[in-house]
Structure formats: structure tokens, C-alpha cells
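Dear colleague,

I am handing over the structure we spoke about, with the sequence beside it.

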Amino acid sequence: MVVNGLKWMFLIIGTTIGAGYASGREIWQFFGHESGLAIILFTLLFVTSCHVVLSISFHHQTNDYAEVLAELMGPRLSKGYDIIIVFYLFTTTGVMIAGGGAALEYFHIPFSAGVLFMCILLLIVAVRGVQGLTGINSFLMPILITSLTVTLITFFWFNADLKGFDWTTQHNWPTAFTFTSLNLLPLVAVLSAAGKQIKQTGEIWIASIGSGLTLGGVSFLYNESLLAAAEDIMLYEIPLFALLKSYPNYMTAFMAILLWTAIFTTAASGLFGLSSRFRSVIPLPPWALALLLICLMLPVTRFGFARLIAFLYPLYGFLNLYLLIVVLIHPFYLKKRS
């Protein structure tokens, strides 16, 4: 049970810690000053949301997110959110493919070759299905989380000035809801396909609490570190590099690899969510369906990374507030219905 619970925990973290999160751009976009309470609220909301989505998926033995959406908000509204999720996964996965090619340019690999390399790896993971996705996340996520945490703790220790927590100055707490709702969208898309793989409810508790506490702790460290380097962040498209400007080149190279890993896990989760959704609609083998989706995404690669996060992420966070509310009240609705 513990091993399987950790497997789902890493899947959740891998879905959430994408390029936007690992680069610091997403943290800086939503949090910043007066956000301690917001991060605490986000942790609680995230744990609850993961538990509800996984419980629905396990109870109904779902194959894709359409069934989970129908359970949460009924057949009519679920169709509207179905379109939003498809558009979200399509745009973000396309941009992540481009980001993968751009990240490898640091190592003097041509952009087109980097994009091709990522597409081949995505096809391999897509063919293996949920086992391939959980396998790659179980391998990469501990490395990603450990490396990012060590980097943040090191910078935080020498540069951050953490003062006493003052509840009266935490005016940014509403951000917790939009940040959670933003990350809820890919979670619903990916975790909905895990229903038949979960064996016990204990796995759900381990995955939900473990992922929430991990992301909450890393978010706090990241936010405080970025605040300490606030004067330099505007000079970098990737805020993480503002924390690394005084580090040696090999450290920057290592973090470039780390970012590529985060980009890849985001793209793999997005492609998996789309493939799961369209498998019943488009009668193609898994590899052919994944290849078709990747080819359709290639034109999206021309959009910039920072522009995507600055415009689309707050928009998706706002659009998904209703979905977050529905998820949070779902357990109470079940009790009333029973």
C-alpha cells in the first residue's frame, strides 16, 4: 500500500511541478509578498482536492476525466469543462515541447533536434500508458524534488531574511484558491485515468497528504527565496536563474537539465491526459493517437514560455474556480445525497 501510495504521490507531484513551477515563474506569478497564509491554504486545498478526485476515480473505476467531471458537475456543465481541459492540455503540452527544445539549446543542441528528441521520448511513455507515466515519475520526481529543495534551502539559508509570521499582513491569501484551481485542471485529467490501478483507499491518503505537504513546503521555500532575489528577477525569463547567478557554471547546467526534466514530465502528463480522453473517440493505436496529437501541437511551439504563463495560467486559474468549489463540496454533497 505504501509503495503504491508513493507511486501516485509522485504522479501528482510530476503533474504539478512542471516547467512553470520548477522555473519559479508560476510561484512568482501567483505568490510573492504577504503569501505565507496563501501557501498554507493552498496546501490544505490541494490535499482535499487530490483526495476527492482520486476517491471518485477509484470508486467509479474511471478510464478518463469525462466520467469524473460528470460525477462532479453533471453532464451539461462537464461538457464545457471538458473543452477547457482539452484546450489547456493541448496548449500547455505544445509549449512544453517547445520548451524542451529551447532548454537543450543551452548544451548547443539545435532547437529542432531538441524538439524531435522530446517527441520520441513522449511517444515511448505514451505507448506504455499509465504504467509508463507512473514509472517515469517515480524515477525522475525524487531527483527533481531533492535537487530543487537542496538548491532552495542553500539559497534560503544564506540570503533569505525570514521574519516572524504576522497574520495581519497576509493580504494575498485569496491567491491560494486560484493557484489550487489552476493545478486542479491537470490533476483531474491525469488522476481520472488511475481509478482501475488503485487497490486500497490507503493509497489515496498517502498520495494526497504526501503530495500536498511536499508541494506546500517547496512552494514556501521557493517563494521566500525569490523574495530575497526580487531585484534580479526582472532580468531573467526563468526566475530560478536569478537564484543561481552567483553559482558556478556546472550548477547552472545541472539546473538546466532539471528544468528539462520538469518540462518533460509536464508534457508527458498532458499528452497522457489527452490520449486517455480521445481513446474512446478516435479508434487508433496508442502510438498513432499520441503521434497525431504531437503533430497537431507542433504549431503551438512558436508561443513563448513566459508569455504563456503570464496570460493563460491566471486565466485558467480563474475559469477553474467553479471546479474547485464543486470538488471541495463534493464530500458534503455525497453525505446529503445518501
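The notes below go through confidence, helix geometry, a salt bridge, backbone angles and a surface patch.

This is a predicted model, in which local features need pLDDT of at least 70 and side-chain atom pairs count only at pLDDT 80 or more, while totals for chains, interfaces and linings use all residues. Residues are numbered from 1 along each chain as its sequence is written, and side-chain values use heavy atoms, with hydrogens and water left out.

On confidence, the mean pLDDT of the protein is 82, and 91% of its residues reach 70 or more, where pLDDT is the predictor's confidence in each residue, from 0 to 100. Helices here are DSSP runs (H or I, at least four residues), and strands would be E runs of at least two, both numbered from the N terminus.

Of the 17 residues of α7, 15 are buried (buried means under 20% relative accessible area, exposed over 50%, and partly exposed in between, with a 1.4 Å probe and protein chains only).

How many salt bridges does the structure hold? There is 1, a salt bridge being a side-chain nitrogen of Lys or Arg within 4 Å of a carboxyl oxygen of Asp or Glu. The side chains of D82 and R277 meet in a salt bridge at 2.7 Å, N to O. D82 lies in helix α5 and R277 in helix α11 (residues 249-278), so the pair ties together parts that are 195 residues apart in sequence. Both ends are covered, since D82 is buried with a relative accessible area of 14% and R277 counts as buried at 16%.

As for the backbone, most residues other than glycine have a negative phi. Q61, in the loop between α4 and α5, has a positive phi near 50° and is partly exposed, with a relative accessible area of 31%. H108, in the loop between α5 and α6, has a positive phi near 65° and counts as exposed at 75% relative accessibility.

The loop between α5 (65-104) and α6 (111-159) also holds I109, which is partly exposed at 32% relative accessible area. Together with Y106, F107 and I257, I109 makes a nonpolar surface patch of about 320 Å². Patches are made of residues with over 30% relative accessible area and no salt bridge, with like charges joined within 9 Å and nonpolar side chains (Val, Leu, Ile, Met, Phe, Trp, Tyr) within 5 Å; accessible areas come from the Shrake-Rupley method with a 1.4 Å probe, and for residues only the protein chains shown count as cover.

Best regards
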